Amino acid sequence: MTIFKRLVRLPKIYIWQSAKRFSSSRNILKLSERGMYQDMFPNTAANEILNLLNKSPQCVYAGFDPTANSLHVGNLLVIINLIHWQRGGHDVIALLGGATGCIGDPSGRSTDRVALPQDVISENISCIKNNLENVFENHKKYIWSEDENMLKPIRIVNNETWYREIDSIRFVSEIGRNFRMGTMLLKQSVQNRINTDVGMSFTEFAYQIFQSYDWLHLLKEYNCRFQIGGSDQMGNISAGHELISRAAKENVYGLTLPLVTTEEGDKFGKSAGNALWLDAKKTSPYSLYQFFIRTKDSDVERLLKLFTFYSLGEIKDIMFKHKQHPEQRYPQQCLADQLTTLVHGEEGLTKARQATEAIYSKDVKSLISLTPTDMEQVFEGAAITHLLLSPGITVLELGMKAKCFPTESDAIRIIQAGGFYINHQKMKKIDEVITESAHILPNFVTLIRVGKRNYYIVKWQT
C-alpha cells in the first residue's frame, strides 16, 4: 500500500509568448540583478570583466563530473547560466570529467567518493552529454524566439581526451611545480576533511590540480577566460586562476553561483530527500512538473529570477497577478511550464499536464491517454500486480488479489462504504464481475484507489 503525495492541479495558462521576448545582455554581470552570482574571483575584477564582455564575445566553461548517469535539478542553475552566456552571444563550453571523474571532487564531501569502474564512467558521460544537448536544444526550439543562428552551439568536451596524451612525469614536473602546498592545504574542501578521522586521500587532494589544468587547456585551445561553478567551487576556481597566472601569464576570471535553498533551508532540487533527475527515465516529466508547481509562495519569485528566462519586468507582472488571485498559483505555473519544457520539451510538458489531469479528473478518458509506463510514473510508488483475467472474477476478489486489503472483512467493509475505486469510478458491489469493457483500460491496465490516496496498478495478462 502506498500513500500518494499531495498534488496540485492548476488551470491551463499559456504564457510562452512573453517568455520568448527576453534575451540576455552581452554584459553577463547584469544577471546579478537576478541574484545569479555569489562571488567573483578575483573579487576586484568587475571593471576588467565588464570591459571584456562589452569589447567582444568571450568564452566560458563549466564542468560536470560523471558521478551518476544523469544530471539533476541541482545542476540546472549552472546550465541556465551557461544558456544566458549563449544568449548574450558568447561561446559556451561544457566540460565532462571523463578523467577527473576517476579522481573525485572533494568539495562538499565528508568522505572519499566511491571509485567508479571505467565502463560506468563512460556510460555516465554519454548520458550527461545527452542531458546537456537536450536542454540546449529545447531552449533553442521552444523558448528562444530570435534567429537560431544568433545562438552559438554549445561545445561539449571530455577532459579524458587530453589527459590521455599527457605523460605523468611531465605533468608533475611542468604543472605540479606551479602549486604551493601551503595554498593547497588552506582550501576549504581540504580543511573540512584533513583534520577529521576520515582524512583525505592524495587522489582527492590532487583534484584541484587537475581541474586547474582543465582551465589552462581550455584557455590555450579556445581562449576560455571564464569559469562558472557552484558556490563550493571557489577553491578549485582560485587554484586554476593561480596556475594560469604562473604558467600562462594571462588574466582569467571565475564566477560562482549561489547554493539555492528553500525557505526552510533545504537544498533545492530534492523531493522527499531524493534527487530530481533530468533524465525522464529516472524522474518523469510529471514529477518534475509537480515539484515546481508545489513551490511555496515565499520562494517562487526568487526561483523565477534564477531558473527562467522571463525578464525582471515580466516577473514583476507575474507576481502582481499572483497578488490579485493567489489561489490560481500563477507564478508556480509559469515556473513549472518553462522548466518542464526546458528539460523535456513541449512533449514532456504535454505529458505532465495529461498526467495531472488523469489524477484529478473523474473521467476515465483522462486515464486512457496514459501508457502503462506513464501510469507507473504518475502514480509513483503504487503497488503493481500482474493478474490473469479469468472469467467471473469479482470486485472483492480483485481487491484481495491486488493486495489492497489485509483481510477480506476489511475489504468488504471498505468497498461497501464507498472507499474503493476502479479507474476513478466508485465500486460498492463486492460481487460485481470484472469485465474487459467496463473495468479494464485499452492498455490492459486497471487503476485502483482505496480511500483518498492509496493507489494500486493491475496489469492484465490475456
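Guide: Strand E2 (residues 59-64) is mostly covered, with 5 of its 6 residues buried, where buried means under 20% relative accessible area with a 1.4 Å probe, protein chains only. This is a predicted model: local features need pLDDT of at least 70, side-chain atom pairs count only at pLDDT 80 or more, and totals for chains, interfaces and linings use all residues. Residues are numbered from 1 along each chain as its sequence is written, and side-chain values use heavy atoms, leaving out hydrogens and water.

Visitor: In which sense do E2 and strand E3 pair?
Guide: Parallel, over 6 bridges, with E3 covering residues 91-96. Pairing takes at least two DSSP bridges between the strands. Opposite Cys59 you'll find Asp91 in E3.

Visitor: And which helix does the chain go through from E2 to E3?
Guide: Helix H3 (residues 76-87), in a right-handed β-α-β crossover.

Visitor: What about E2 and strand E5, how many bridges there?
Guide: E5 (residues 226-230) pairs with E2 over 2 bridges, in the parallel sense. Tyr61 has Gln227 in E5 as its bridge partner.

Visitor: Switching to helices: at what angle do H13 and H15 pack?
Guide: About 35 degrees, with the axes 9 Å apart; H13 is residues 297-307 and H15 is residues 330-360. Their crossing is left-handed.

Visitor: Which residues of H13 meet H15?
Guide: Asp297, Val300, Leu303, Leu304 and Phe307. On the H15 side they meet Pro331, Gln332, Cys334, Leu335 and Leu339, contact being heavy atoms within 4.5 Å. By class, that contact has 8 nonpolar, 1 polar and 1 charged residues.

Methods
Axes fitted to C-alpha atoms, helices over the stretch in contact; angles between N-to-C directions. Helix = DSSP H or I, 4+ residues; strand = E, 2+ residues; numbered from the N terminus. Left-handed = near helix turned anticlockwise from the far one by under 90°. Nonpolar A, V, L, I, M, F, W, Y, C, P; charged D, E, K, R; others polar. Buried < 20%, exposed > 50% of the residue type's maximum accessible area, 1.4 Å probe, protein only. Right-handed = clockwise from strand over helix to strand, strands pointing away.
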